[in-house]
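Please keep the structure open as you read.

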Amino acid sequence: MEKSIRTVGDYWTKLLICAVVLLTTQVHCHFNPRINVTFLDNVVSTGAVCLDGSPAGYHYEKGYGTGVDNWLVYLPVILVGNSAGGLATILNCDRFQALVPNASRVKCLVDSGFFIRAKNLPGVEKREKGFAEVVAFHDISKFLPKSCTSRMDPSLCMFPEYLIGDVQTPLFLLHSAFDQYQIQYNLKPDPAIALGWKECTSNTRLCTSAQIDFMKEFRTTFLQTLKEIPDCPSRGMFINSCYVHDFLFSKARWSYQGPPSLGNKVIRRVIGDWYFERCSAKAIDAETDHPLNCFGA
(Lines give C-alpha, C1' and ligand atoms only; values in the text may rest on other atoms or scores of the structure.)
Protein backbone atom coordinates (compact mmCIF):
# COMPACT_ATOMS: atom_id res chain seq x y z
CA MET A 1 0.00 0.00 0.00
CA GLU A 2 2.80 2.38 0.97
CA LYS A 3 4.60 1.64 -2.30
CA SER A 4 1.41 2.27 -4.26
CA ILE A 5 0.89 5.64 -2.62
CA ARG A 6 4.51 6.63 -3.20
CA THR A 7 4.31 5.62 -6.86
CA VAL A 8 1.13 7.62 -7.44
CA GLY A 9 2.62 10.57 -5.58
CA ASP A 10 5.77 10.51 -7.66
CA TYR A 11 3.67 10.28 -10.82
CA TRP A 12 1.57 13.32 -9.99
CA THR A 13 4.61 15.26 -8.84
CA LYS A 14 6.17 14.79 -12.26
CA LEU A 15 2.90 15.79 -13.93
CA LEU A 16 2.60 18.89 -11.78
CA ILE A 17 6.15 19.94 -12.59
CA CYS A 18 5.40 19.44 -16.28
CA ALA A 19 2.27 21.56 -16.05
CA VAL A 20 4.01 24.31 -14.07
CA VAL A 21 6.79 24.58 -16.63
CA LEU A 22 4.46 24.62 -19.62
CA LEU A 23 2.03 27.15 -18.21
CA THR A 24 4.81 29.64 -17.54
CA THR A 25 4.91 32.80 -19.63
CA GLN A 26 7.77 35.24 -20.02
CA VAL A 27 8.36 37.39 -16.96
CA HIS A 28 8.26 40.46 -19.17
CA CYS A 29 4.50 40.02 -19.57
CA HIS A 30 2.21 42.18 -17.47
CA PHE A 31 0.31 39.91 -15.08
CA ASN A 32 -3.25 40.70 -14.13
CA PRO A 33 -2.90 42.17 -10.59
CA ARG A 34 -5.86 40.05 -9.49
CA ILE A 35 -3.90 36.88 -10.25
CA ASN A 36 -1.44 35.85 -7.56
CA VAL A 37 1.56 34.17 -9.16
CA THR A 38 3.93 32.14 -7.00
CA PHE A 39 7.44 31.89 -8.46
CA LEU A 40 9.49 28.76 -7.77
CA ASP A 41 12.96 30.15 -7.11
CA ASN A 42 14.25 26.78 -5.91
CA VAL A 43 13.76 25.13 -9.32
CA VAL A 44 16.37 27.20 -11.18
CA SER A 45 19.08 24.71 -10.35
CA THR A 46 17.05 21.90 -11.95
CA GLY A 47 16.43 23.80 -15.18
CA ALA A 48 12.67 24.26 -14.72
CA VAL A 49 12.79 27.82 -16.00
CA CYS A 50 11.15 30.10 -18.55
CA LEU A 51 12.54 30.75 -21.98
CA ASP A 52 14.49 33.72 -20.62
CA GLY A 53 15.96 31.71 -17.73
CA SER A 54 13.69 33.13 -15.02
CA PRO A 55 11.94 30.84 -12.47
CA ALA A 56 8.72 29.04 -13.36
CA GLY A 57 5.52 30.04 -11.58
CA TYR A 58 1.99 28.89 -10.90
CA HIS A 59 -1.38 30.21 -9.80
CA TYR A 60 -3.61 28.39 -7.31
CA GLU A 61 -7.14 29.32 -6.30
CA LYS A 62 -9.38 27.48 -3.88
CA GLY A 63 -12.73 26.13 -5.03
CA TYR A 64 -15.99 27.57 -3.74
CA GLY A 65 -19.62 26.66 -3.20
CA THR A 66 -20.53 23.03 -3.81
CA GLY A 67 -17.15 22.40 -5.41
CA VAL A 68 -15.01 23.52 -2.47
CA ASP A 69 -14.15 19.93 -1.50
CA ASN A 70 -13.92 18.53 -5.03
CA TRP A 71 -10.70 18.00 -6.96
CA LEU A 72 -10.29 17.36 -10.65
CA VAL A 73 -7.92 14.39 -10.64
CA TYR A 74 -6.78 12.22 -13.55
CA LEU A 75 -9.91 12.36 -15.72
CA PRO A 76 -10.30 14.41 -17.83
CA VAL A 77 -6.87 15.99 -18.52
CA ILE A 78 -6.13 19.20 -20.41
CA LEU A 79 -2.85 21.09 -20.80
CA VAL A 80 -3.18 24.85 -21.22
CA GLY A 81 -0.56 27.49 -21.92
CA ASN A 82 -0.61 31.07 -23.08
CA SER A 83 1.91 33.19 -25.01
CA ALA A 84 5.36 31.59 -24.54
CA GLY A 85 3.60 28.92 -22.47
CA GLY A 86 1.34 28.29 -25.44
CA LEU A 87 4.36 27.60 -27.62
CA ALA A 88 5.67 25.23 -24.94
CA THR A 89 2.28 23.50 -24.93
CA ILE A 90 2.59 22.82 -28.66
CA LEU A 91 6.11 21.47 -28.18
CA ASN A 92 5.10 19.19 -25.31
CA CYS A 93 1.50 18.25 -26.11
CA ASP A 94 2.27 14.68 -27.20
CA ARG A 95 4.73 14.22 -24.34
CA PHE A 96 2.02 15.32 -21.94
CA GLN A 97 -0.36 12.72 -23.34
CA ALA A 98 2.31 10.06 -22.82
CA LEU A 99 2.37 10.95 -19.11
CA VAL A 100 -1.30 9.97 -18.71
CA PRO A 101 -1.69 6.93 -21.00
CA ASN A 102 -4.83 5.71 -19.22
CA ALA A 103 -6.76 8.97 -19.39
CA SER A 104 -9.85 8.78 -21.55
CA ARG A 105 -9.47 12.33 -22.84
CA VAL A 106 -6.24 14.31 -23.15
CA LYS A 107 -6.18 17.61 -25.01
CA CYS A 108 -4.08 20.77 -25.32
CA LEU A 109 -5.23 24.38 -25.46
CA VAL A 110 -2.91 27.03 -26.88
CA ASP A 111 -3.74 30.66 -26.14
CA SER A 112 -1.84 33.24 -28.22
CA GLY A 113 1.17 31.00 -28.72
CA PHE A 114 1.17 30.75 -32.52
CA PHE A 115 4.22 32.88 -33.30
CA ILE A 116 4.73 33.05 -37.05
CA ARG A 117 7.96 33.27 -39.02
CA ALA A 118 6.41 35.54 -41.67
CA LYS A 119 9.21 35.34 -44.22
CA ASN A 120 7.52 37.97 -46.39
CA LEU A 121 7.33 40.65 -43.68
CA PRO A 122 10.08 42.98 -42.46
CA GLY A 123 11.97 41.81 -39.39
CA VAL A 124 12.18 38.12 -40.30
CA GLU A 125 15.88 38.07 -39.40
CA LYS A 126 15.04 39.31 -35.90
CA ARG A 127 12.33 36.69 -35.46
CA GLU A 128 14.59 33.88 -36.62
CA LYS A 129 17.51 35.10 -34.51
CA GLY A 130 15.29 35.29 -31.42
CA PHE A 131 14.36 31.61 -31.57
CA ALA A 132 17.88 30.60 -32.60
CA GLU A 133 19.22 32.23 -29.43
CA VAL A 134 16.66 30.38 -27.30
CA VAL A 135 17.63 27.03 -28.84
CA ALA A 136 21.33 27.74 -28.38
CA PHE A 137 21.05 29.16 -24.85
CA HIS A 138 19.06 26.20 -23.52
CA ASP A 139 20.74 23.65 -25.81
CA ILE A 140 17.39 22.14 -26.75
CA SER A 141 17.92 21.15 -30.38
CA LYS A 142 17.78 17.46 -29.40
CA PHE A 143 14.56 18.14 -27.50
CA LEU A 144 12.77 19.47 -30.59
CA PRO A 145 10.71 17.05 -32.74
CA LYS A 146 12.86 15.03 -35.12
CA SER A 147 10.09 15.23 -37.70
CA CYS A 148 11.04 18.91 -37.97
CA THR A 149 14.79 18.97 -37.25
CA SER A 150 15.38 16.30 -39.90
CA ARG A 151 14.20 18.65 -42.63
CA MET A 152 15.28 22.13 -41.49
CA ASP A 153 17.50 24.09 -39.13
CA PRO A 154 16.53 23.20 -35.51
CA SER A 155 16.10 26.88 -34.63
CA LEU A 156 13.24 27.11 -37.12
CA CYS A 157 11.51 24.25 -35.33
CA MET A 158 10.47 26.68 -32.60
CA PHE A 159 7.98 28.21 -35.01
CA PRO A 160 4.57 26.52 -34.45
CA GLU A 161 3.80 26.45 -38.18
CA TYR A 162 6.44 23.71 -38.56
CA LEU A 163 5.28 21.74 -35.51
CA ILE A 164 1.51 21.59 -35.33
CA GLY A 165 1.09 19.32 -38.34
CA ASP A 166 2.92 16.54 -36.47
CA VAL A 167 1.07 16.89 -33.14
CA GLN A 168 -1.10 13.80 -32.63
CA THR A 169 -2.92 14.94 -29.48
CA PRO A 170 -6.07 17.05 -30.06
CA LEU A 171 -5.06 20.71 -30.05
CA PHE A 172 -7.04 23.96 -29.89
CA LEU A 173 -5.66 27.30 -31.10
CA LEU A 174 -7.13 30.42 -29.51
CA HIS A 175 -5.68 33.49 -31.18
CA SER A 176 -6.16 36.84 -32.81
CA ALA A 177 -5.14 37.36 -36.41
CA PHE A 178 -4.10 40.83 -35.23
CA ASP A 179 -1.96 39.53 -32.36
CA GLN A 180 -0.89 42.65 -30.49
CA TYR A 181 2.37 41.22 -29.16
CA GLN A 182 3.64 40.03 -32.53
CA ILE A 183 2.62 43.24 -34.29
CA GLN A 184 4.08 45.41 -31.56
CA TYR A 185 7.36 43.60 -30.93
CA ASN A 186 8.07 41.15 -33.77
CA LEU A 187 7.44 43.37 -36.77
CA LYS A 188 9.87 45.97 -38.07
CA PRO A 189 8.02 48.68 -39.98
CA ASP A 190 9.48 50.33 -43.03
CA PRO A 191 11.04 53.77 -42.41
CA ALA A 192 8.10 55.40 -44.17
CA ILE A 193 5.70 54.32 -41.43
CA ALA A 194 8.12 53.92 -38.50
CA LEU A 195 7.36 57.38 -37.08
CA GLY A 196 4.70 56.96 -34.42
CA TRP A 197 4.73 53.14 -34.65
CA LYS A 198 5.14 52.69 -30.90
CA GLU A 199 2.15 54.91 -30.20
CA CYS A 200 0.16 53.23 -32.96
CA THR A 201 0.76 49.71 -31.68
CA SER A 202 -0.23 50.80 -28.17
CA ASN A 203 -3.46 52.40 -29.37
CA THR A 204 -4.67 51.67 -32.89
CA ARG A 205 -6.77 54.84 -32.88
CA LEU A 206 -3.49 56.72 -33.30
CA CYS A 207 -2.42 54.77 -36.39
CA THR A 208 -2.13 56.20 -39.86
CA SER A 209 -3.83 54.42 -42.74
CA ALA A 210 -0.42 53.15 -43.90
CA GLN A 211 0.28 51.68 -40.46
CA ILE A 212 -3.11 49.94 -40.42
CA ASP A 213 -2.33 48.54 -43.87
CA PHE A 214 0.91 47.09 -42.46
CA MET A 215 -1.10 45.40 -39.70
CA LYS A 216 -3.40 44.00 -42.36
CA GLU A 217 -0.38 42.45 -44.07
CA PHE A 218 0.41 40.64 -40.83
CA ARG A 219 -3.18 39.37 -40.61
CA THR A 220 -3.07 38.09 -44.19
CA THR A 221 0.21 36.28 -43.53
CA PHE A 222 -1.06 34.87 -40.24
CA LEU A 223 -4.21 33.40 -41.82
CA GLN A 224 -2.26 32.06 -44.80
CA THR A 225 0.22 30.38 -42.44
CA LEU A 226 -2.66 28.67 -40.63
CA LYS A 227 -4.16 27.60 -43.94
CA GLU A 228 -0.94 25.88 -44.99
CA ILE A 229 -0.89 23.60 -41.93
CA PRO A 230 -2.26 20.12 -42.74
CA ASP A 231 -5.84 19.84 -41.55
CA CYS A 232 -6.75 17.58 -38.64
CA PRO A 233 -10.33 16.72 -37.54
CA SER A 234 -9.41 16.84 -33.85
CA ARG A 235 -7.93 20.34 -34.05
CA GLY A 236 -10.09 23.27 -32.99
CA MET A 237 -9.64 26.97 -33.61
CA PHE A 238 -11.05 30.32 -32.60
CA ILE A 239 -9.33 33.08 -34.57
CA ASN A 240 -10.80 36.55 -34.22
CA SER A 241 -9.67 40.04 -35.15
CA CYS A 242 -9.41 41.65 -31.71
CA TYR A 243 -6.23 43.63 -31.24
CA VAL A 244 -5.09 41.74 -28.13
CA HIS A 245 -2.64 39.12 -26.90
CA ASP A 246 -3.97 36.56 -24.37
CA PHE A 247 -7.56 35.57 -23.74
CA LEU A 248 -7.63 33.14 -20.84
CA PHE A 249 -6.43 35.51 -18.12
CA SER A 250 -9.44 37.79 -18.57
CA LYS A 251 -13.04 36.86 -17.82
CA ALA A 252 -14.25 39.45 -20.33
CA ARG A 253 -12.13 37.95 -23.09
CA TRP A 254 -13.00 34.36 -22.13
CA SER A 255 -16.68 35.30 -22.41
CA TYR A 256 -16.22 37.35 -25.58
CA GLN A 257 -18.91 36.84 -28.19
CA GLY A 258 -17.50 36.94 -31.68
CA PRO A 259 -18.96 39.16 -34.42
CA PRO A 260 -21.52 37.92 -36.99
CA SER A 261 -18.58 36.82 -39.14
CA LEU A 262 -17.88 34.22 -36.41
CA GLY A 263 -21.53 33.25 -36.01
CA ASN A 264 -21.78 35.26 -32.77
CA LYS A 265 -20.02 32.40 -31.01
CA VAL A 266 -18.61 32.78 -27.50
CA ILE A 267 -15.01 31.67 -26.97
CA ARG A 268 -15.76 29.42 -23.99
CA ARG A 269 -18.61 27.77 -25.91
CA VAL A 270 -16.43 26.95 -28.91
CA ILE A 271 -13.74 25.49 -26.65
CA GLY A 272 -16.38 23.45 -24.83
CA ASP A 273 -17.72 22.11 -28.13
CA TRP A 274 -14.19 21.08 -29.09
CA TYR A 275 -13.31 19.53 -25.77
CA PHE A 276 -16.51 17.49 -25.44
CA GLU A 277 -16.64 16.81 -29.19
CA ARG A 278 -20.18 18.14 -29.50
CA CYS A 279 -19.75 19.66 -32.94
CA SER A 280 -17.25 21.32 -35.25
CA ALA A 281 -15.12 23.78 -33.34
CA LYS A 282 -13.42 25.91 -35.95
CA ALA A 283 -14.27 29.58 -36.06
CA ILE A 284 -12.02 31.85 -38.11
CA ASP A 285 -12.84 35.47 -38.85
CA ALA A 286 -11.96 35.70 -42.51
CA GLU A 287 -14.04 38.83 -43.16
CA THR A 288 -12.83 41.54 -40.76
CA ASP A 289 -9.72 43.04 -42.33
CA HIS A 290 -8.89 45.62 -39.65
CA PRO A 291 -7.91 45.33 -35.96
CA LEU A 292 -10.87 45.56 -33.60
CA ASN A 293 -10.85 47.26 -30.22
CA CYS A 294 -13.02 44.57 -28.61
CA PHE A 295 -12.46 45.29 -24.94
CA GLY A 296 -11.97 49.04 -24.71
CA ALA A 297 -8.79 51.06 -24.49
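Helix H3 covers residues 124–138 of this predicted model. Its 15 residues reach 22 Å from the first C-alpha to the last, close to the 21 Å expected at 1.5 Å a residue.

Which residues of H3 are buried? They are Val 124, Arg 127, Phe 131, Val 134 and Val 135. Looking down the axis of H3, you will find these buried residues within an arc of 105 degrees, so they line one face of the helix. What covers them includes helix H2 (84–99) and helix H5 (180–186). The face turned away from the buried side carries exposed residues: Glu 125, Lys 126, Lys 129, Ala 136 and Phe 137. After H3 comes Asp 139, with a positive phi near 50 degrees.

Now step back to the whole protein. The secondary structure comes to 10 helices and seven strands. Of the 297 residues, 46% are buried. Among contacts with a separation of 6 or more, 70% are between residues 24 or more positions apart. The accessible surface is about 16300 Å², and carbon and sulfur atoms account for 56% of that.

On to the cysteines. A disulfide is a covalent bond between the sulfur atoms of two cysteines. The count in this model is four disulfides, and with the bonded cysteines numbered in sequence order, the pairing reads 1-2, 3-4, 5-6, 7-8.

| Disulfide | S to S distance | Torsion about the S-S bond |
|---|---|---|
| Cys 148 and Cys 157 | 2.0 Å | -95 degrees |
| Cys 200 and Cys 207 | 1.9 Å | about 90 degrees |
| Cys 242 and Cys 294 | 2.1 Å | about -95 degrees |

The link of Cys 148 and Cys 157 is left-handed. For Cys 200 and Cys 207 the torsion is about 90 degrees, so that disulfide is right-handed. With about -95 degrees, the disulfide of Cys 242 and Cys 294 is left-handed. This pair links distant parts of the chain, 52 residues apart: Cys 242 sits in the loop between strand S6 (236–240) and helix H9 (251–254), and Cys 294 in the segment after strand S7 (282–284).

Are these cysteines buried or exposed? Cys 148 is buried at 0% relative accessible area, and Cys 157 is buried at 0% too. Cys 200 is buried at 0%, while Cys 207, at 15%, also counts as buried.

Definitions and conventions
Residues numbered from 1 in each chain as written. Predicted model: local features only at pLDDT ≥ 70, side-chain atom pairs only at ≥ 80, totals over all residues. Heavy atoms only, no water. Helix = DSSP H or I, 4+ residues; strand = E, 2+ residues; numbered from the N terminus. Expected span 1.5 Å × (residues − 1). Buried < 20%, exposed > 50% of the residue type's maximum accessible area, 1.4 Å probe, protein only. Arc of directions from axis to C-beta. Contact = heavy atoms within 4.5 Å. Areas by Shrake-Rupley, 256 points an atom, 1.4 Å probe, with all protein chains shown as cover. Disulfide = S-S within 2.5 Å.
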